[in-house]
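Here is a short tour of one model, written for someone who likes to have the residues at hand. Please keep the sequence and the 3D view open as you read.

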Amino acid sequence: MKRTIVLGIIAAILGIACGVKKSTNASVSTGFTSEQLKQAETRFPGVNSAELAEGKKLYESRCSSCHELPHAERMSQSRWNHEYAAMKGKAQLNFAEDRLVNAYVSGILVP
Ligand code: HEC
């Protein structure tokens, strides 16, 4: 009887520990939620979270030099396409940078 209780407590503690570990892993190691990654992957198949992090850096540095950082997270895909088309030349992103910025942004756009 005692043994069952002790084992039960150990199992509960392990369960809590694993649960906590899981949730910190999801946000700390990548910085992106699985929903954001999935959303980015629909337009950029195979893109990984390291690339999204690169894209985020580029977006934040290159799209805030002339004005405040735009709120891409409040834009739809078509709105973003429209704004980006006008700004692409101004930001002078090369082919690889263009892909990274768009991969990152596609993950944060309004679904
Ligand atoms: C070289 C300067 C420069 C850079 C770099 C730049 N922009 Fe702009 N942006 C402007 C100017 C000037 C305007 C306002 C006039 C216009 O629309 O052309 C503007 C306007 C905007 C607007 C419209 C704001 C509104 O009130 O409607 C958005 C959105 C935007 N930029 C997004 C971006 C994004 C995304 C990037 C990075 C890819 C970027 N910009 C990089 C100069 C820049």
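Q92 sits in the loop between helices α4 (77-91) and α5 (95-108); helices here are DSSP runs of H or I with at least four residues, strands are runs of E with at least two, and both are numbered from the N terminus. The phi angle of Q92 is near 50 degrees, a positive value in a residue other than glycine. Q92 is also exposed, because its relative accessibility is 63%; exposed means over 50% relative accessible area, buried under 20%, and partly exposed in between, using a 1.4 Å probe and protein chains only.

This is a predicted model, in which local features need pLDDT of at least 70 and side-chain atom pairs count only at pLDDT 80 or more, while totals for chains, interfaces and linings use all residues. Residues are numbered from 1 along each chain as its sequence is written, and side-chain values use heavy atoms, with hydrogens and water left out.

Now to the metal. The ligand's iron atom is coordinated by H67 through NE2 and by M87 through SD, at 2.0 to 2.2 Å. H67 belongs to the loop between α3 (49-62) and α4, whereas M87 is in helix α4, so this pair, 20 residues apart, links distant parts of the chain. Donors are N, O and S atoms within 2.8 Å of the metal (3.2 Å for Na, K and Ca), and sites may look incomplete because water is not among the atoms. Why is the arrangement around the iron atom octahedral? The six donor atoms subtend angles of 87 to 180 degrees, and six donors count as octahedral if opposite donors are over 155 degrees apart and all others between 65 and 115. H67 is partly exposed at 39% relative accessible area, and M87 is partly exposed at 33%.

Salt bridges come next: the whole structure has six of them, each being a side-chain nitrogen of Lys or Arg within 4 Å of a carboxyl oxygen of Asp or Glu.

| Pair | Closest N to O distance |
|---|---|
| K57 and E54 | 3.5 Å |
| R62 and E97 | 3.4 Å |

R62 lies in helix α3 and E97 in helix α5, so their bridge ties together parts that are 35 residues apart in sequence. R62 is partly exposed at 27%, while E97 is buried at 18%. K57 and E54 are three residues apart in helix α3, so about one helical turn separates them. K56 and E60 also lie in helix α3, four residues apart, about one turn.

Terms used: Four donors count as tetrahedral if all angles lie between 85 and 135 degrees; four count as square planar and six as octahedral if opposite donors are over 155 degrees apart and all others between 65 and 115; anything else is irregular.
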